[in-house]
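This briefing is meant for a reader who is meeting the structure for the first time.

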Amino acid sequence: MPLALIAAPAAAGKSAWLIEQVRRASATGQTPLVVVATPRQAQQLRQRLAVAGGALGVHLLTFDELFAAILNFAGSACVELHAAARQRLLRVAVDDLAEAGALPFYAALVVRPGFIAALAGLFFELRGANVRPEELIEALAQRHAAPRLAELAALYARYDTLLAANGWIDRAG
């Protein structure tokens with residue numbers, strides 16, 4: 001089965017086409033590899049394949065699972081941070097900078113649990129947009145951005161440093 005990227009609007013028949021292609025490939029002894037975006041999509045597709053009688057011998061992965069398999073194959077496996085560990089690591093980053101006096105704008109917020117949640121969301125979006133901490137710091141410095149933004153960038157950099165120091169990765173947005 002050749003590599004194909006299928007893009008179409010919702011309810012355009014992508015899944016039905018895919019199920020038929022997978023069934024044909026499986027019938028000829030091939031082992032199809034199907035990659036979908038989310039675990040929910042993978043679960044739904046598995047169910048539809050099972051109903052159609054074509055679930056056996058199919059490798060169905062999410063993009064994250066594919067990336068992890070590639071890293072593992074290359075000998076560069078990383079440990080993905082889970083929600084509780086992410087919250088704790090964010091707390092460490094905030095506490096480190098707060099204790100150093102590097103967060104004057106956010107000083108009143110650092111003890112609030114909502115602050116950590118907001119940072120988690122912001123960093124998730126920054127990672128999803130492939131914005132590295134050093135790029136953010138440089139862009140803000142060039143634009144003489146408000147100190148509050150520089151503090152956020154410093155928090156992002158500290159969080160990234162803590163991730164790297166422990167050999168962890170955080171899921172991108």
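The term pLDDT stands for the predictor's confidence in each residue, on a scale from 0 to 100. It applies here because this is a predicted model, and among the elements of the protein chain the lowest mean pLDDT, 75, belongs to strand β3 (residues 79–80), while the highest, 96, belongs to α6. Across the protein chain the average pLDDT is 89, and 97% of the residues score at least 70.

**Nonpolar cores**

- The largest nonpolar core is made up of 24 residues, and those with the most contacts inside it are L90, V94, F115, L119, F123, L155 and Y159.
- At least two residues of this core are supplied by each of α4 (83–99), α5 (113–128), α6 (133–142) and α7 (147–166), with the largest share, seven residues, coming from α7.
- When residues up to four places away in sequence are left out of the count, V94 touches L103, V110, F115, I116, L119 and L155.
- Another core lies apart from the largest one and has ten residues, among them V22, V36, L49 and L60.

**The largest pocket**

- The largest pocket holds about 960 Å³ of space, and its lining consists of 29 residues, of which I6, L18, V34, V35 and V36 lie nearest its centre.
- Two or more residues of this lining come from each of the elements α1 (14–27), β1 (33–36), α2 (39–52) and α3 (63–73), and the largest share, five residues, is given by α1.
- By residue type, the lining of the largest pocket divides into 21 nonpolar, six polar and two charged residues.

**Positive phi angles**

- As background, most residues other than glycine have a negative phi.
- A11, which lies in the segment before α1, has a phi near 60°, a positive value in a residue other than glycine.
- With a relative accessible area of 85%, A11 is exposed, since the term is used for values over 50%.
- N130, placed in the loop between α5 and α6, likewise has a positive phi near 60° and is a residue other than glycine.
- N130 also counts as exposed, at 62% relative accessibility.

Conventions: Residues are numbered from 1 along each chain as its sequence is written. This is a predicted model: local features need pLDDT of at least 70, side-chain atom pairs count only at pLDDT 80 or more; totals for chains, interfaces and linings use all residues. Side-chain values use heavy atoms; hydrogens and water are left out. A nonpolar core is a set of buried Ala, Val, Leu, Ile, Met, Phe, Trp, Tyr and Cys residues joined through side-chain atoms within 4.5 Å. Buried means under 20% relative accessible area, exposed over 50%, partly exposed in between (1.4 Å probe, protein chains only). Helices (H or I, at least four residues) and strands (E, at least two) are DSSP runs, numbered from the N terminus. Contact means heavy atoms within 4.5 Å. On a 1 Å grid over the protein atoms alone, a cavity is a set of points where a 1.4 Å probe fits but cannot get out, and a pocket is an open set with protein on both sides within 12 Å along at least five of seven lines; lining residues have an atom within 4 Å of a point. Grid points are joined across faces, edges and corners, and a volume is the space filled by probe spheres set on the points. Ala, Val, Leu, Ile, Met, Phe, Trp, Tyr, Cys and Pro count as nonpolar, Asp, Glu, Lys and Arg as charged, and the others, Gly among them, as polar.
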